[in-house]
Amino acid sequence: MFFGNLFLRNRFFKREDLCENIMSEKMSEAISLWDAVYKNRAPWLSGNIHSLNLASAVCSEIARLIAIELKISVTGSSRAEFLEKSINRILPRLRAEIEYACACGGMIMKPYIKGGEMNVDFIPPNSFIPTAISSDGAVTAADFIQKAQNKGKYLTRLESHSLGGNTYTIRNRAFISDDRYNPGKEISLSESEIWADMSESVSISNISRPLFVYFRVPCANNIEPDSPFGVSVFSRAVELMEQADRQYSRLIWEYESGERALYLDETAFRRDKNGKPVLPDKRLYKTINSGENDLFHDWSPVIRDESILRGLDSILVKIEDACGLSRGTFSRTDTQAKTATELKILRQRSYSVITDMQKALRSSLEELLCVMNIWCELSGTGGSGKYGTGFEFDDSIICDTEKEFEQKMKLVSAGIMSKEEFRAWYFGEEK
C-alpha cells in the first residue's frame, strides 16, 4: 500500500536535517487548502454547510477540455516507435492526473525503465519537495516521498534528485515510524525489506537536465507573485466557493424547513404498548395537545427558493469569471446563443484558458519525451535513431473544424497553402 500525504510532506518540510525545502510556508499552506477543497474537505464544511463540490467540477471540466481528444505521434526511427508506444500507454490516465494537477497547481512526471518498458510516475505537490530551481524558475532538484505500510509499521522512502554540473545524483533514504504522519527514524534500505534491492546512491555522468518534468499550471501566482510554483485553477475562487456552499445550504434549509406537515391532536392516533401515538409517517404527521376544539393544523409555507437560486447563480457567475470559464458552465443562462458568432463569444473565455493549458502541457510532454529518450540511452533500451513529435488537441471548443477544413482545402487548391502546411495543421505536426 503506497500513498502520498500532505501531513507527512509538511513534517519533512520542517526537518532541515532531512531536506532543504525552497517552497515557502505560505505556498505550502495554500496547496494544503486547495487539496482539501478539491477533496470535498473544505474547512468551512460542517453539518449545516453542504458542499456543491465546485472545486472538483472546475478541475474536471478544464481537464476534460484539455485532454479529451489528445493524440501524440512520435515518428522517425525504431527509437521513435518505442517512445510513441510508451507515451501513448500513459494517455488513458493522463486526464485524471491533469485534473489533480489543476487542483494543486502542477505535478511532476518522472519516467523510469522497468522490465524493458518505460513507465511514468505522476507525482502531485503533496508528494514532492522542491529543493532547487534554475535562474529561469524551473525546478531542477526535488525530493520525492513514497509511503508504504509493512508489518504494522509505516515506512517512508525519500528519493532525492539533484544536478551538479553534468553529474546527476539520485539518493534513496528510508525511514520507519509508528505514526503515518511522521518520518520517524532513518534506517538502511536493507532494513526496510520493501526497498532492499535499491541502491542508496547513484551518480550519472554527462546529464545536463533533471530526469523529471514539472508541469506547472500556467496561471499567474496570486499567492506569491515571485514564486516559480503553480497555483490551482480555482485559487482566485476559494472564498467564492465558500459563499456558494453557504448559499446552497440556505436552499437546502429552505426546502427542509418548508416541508408540508400536518399537526393533529394526539388523540387522532392509535397508541403503542407504551401509550405513545403511532404516526403513519413521522415526516408528514406531527402531534399536538390542542384540546377537542382544535384538532388539526396544516403547515404549508411559501418556499422562497427563487430568490436564493438567483443569489446562488450570481455567485456561480463570479466563480466562472475567477476560474476563466465561460459563463453558463455552471450558472444558469437566460438566453441561448443562436448563431455561431454568439457561441464563439460565449466560449472565448474558456478557449483562452484551455489554449494556455494545452501549450503548457505540450511543452511538458515534449520534455517528458526528452527524458524518456535519455533513459533509453542510459539503459540501452528502445532501439536507436532520432525522433519527431506531433500533437493533436481538440479545438472544437471555439473552432468549427469541418468549416475550417473546407477553407484550408480551398487554400491548398488555390496554391496559397502547401500540402505540407495542411498536413502539419491537420495532424498537429511540426512544420
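**Briefing: pocket, sheet, helices and backbone of a predicted model**

Helix α5 is followed by Gly 105, whose phi is positive, near 100°; helices here are DSSP runs of H or I with at least four residues, strands are runs of E with at least two, and both are numbered from the N terminus. This is a predicted model, in which local features need pLDDT of at least 70 and side-chain atom pairs count only at pLDDT 80 or more, while totals for chains, interfaces and linings use all residues. Residues are numbered from 1 along each chain as its sequence is written, and side-chain values use heavy atoms, with hydrogens and water left out.

**Largest pocket**

- The largest pocket has a volume of about 990 Å³, where a pocket is an open set of points on a 1 Å grid over the protein atoms alone, reached by a 1.4 Å probe and with protein on both sides within 12 Å along at least five of seven lines, and where lining residues have an atom within 4 Å of a point.
- Of the 34 residues that line this pocket, Lys 110, Asp 121, Arg 157, Glu 159 and Met 198 are the closest to its centre.
- At least two lining residues come from each of β2 (106-114), β3 (117-123), β5 (139-150), β6 (153-164), β7 (167-177), β9 (201-204) and α9 (340-379), and β2 gives the largest share, with 5 residues.
- By residue class, the lining divides into 19 nonpolar, 8 polar and 7 charged residues; Asp, Glu, Lys and Arg count as charged, Ala, Val, Leu, Ile, Met, Phe, Trp, Tyr, Cys and Pro as nonpolar, and the others, Gly among them, as polar.

**Strand pairing**

- Three strands form an open antiparallel sheet in the order β3-β2-β10, where two strands pair if DSSP finds at least two bridges between them.
- The edge strands of this sheet, β3 and β10 (213-216), each pair on one side only.
- Strands β2 and β10 are joined in the antiparallel sense over 4 bridges, and Gly 106 stands opposite Arg 216 in β10.
- Strand β1 (residues 71-75) runs antiparallel to β14 (residues 388-392), to which 5 bridges join it, and Val 74 has Thr 389 of β14 as its bridge partner.
- Ile 72 and Val 74 make up the covered face of β1, whereas Lys 71, Ser 73 and Thr 75 make up the uncovered one.

- Helix α5 (residues 91-104) has 14 residues and reaches 20 Å from its first C-alpha to its last, close to the 20 Å expected at 1.5 Å a residue, the expected span being 1.5 Å times one less than the number of residues.
- Among the buried residues of α5 are Leu 91, Leu 94, Ile 98, Glu 99 and Tyr 100, buried meaning under 20% relative accessible area, exposed over 50% and partly exposed in between, with a 1.4 Å probe and protein chains only.
- The end C-alpha atoms of helix α8 (residues 305-323) are 26 Å apart, which agrees with the 27 Å that its 19 residues should span at 1.5 Å a residue.
- The buried residues of α8 include Asp 313, Glu 320 and Cys 323, and just after this helix Gly 324 takes a positive phi of about 75°.

- Most residues other than glycine have a negative phi.
- Glu 193, in the loop between α6 (189-192) and β9, has a positive phi near 70°, and its relative accessibility of 48% is why this residue counts as partly exposed.
- Asn 206, in the loop between β9 and β10, has a positive phi near 60°, and this residue counts as exposed because its relative accessibility is 70%.

How values were computed:
Points joined across faces, edges and corners; volume = space filled by probe spheres on them.
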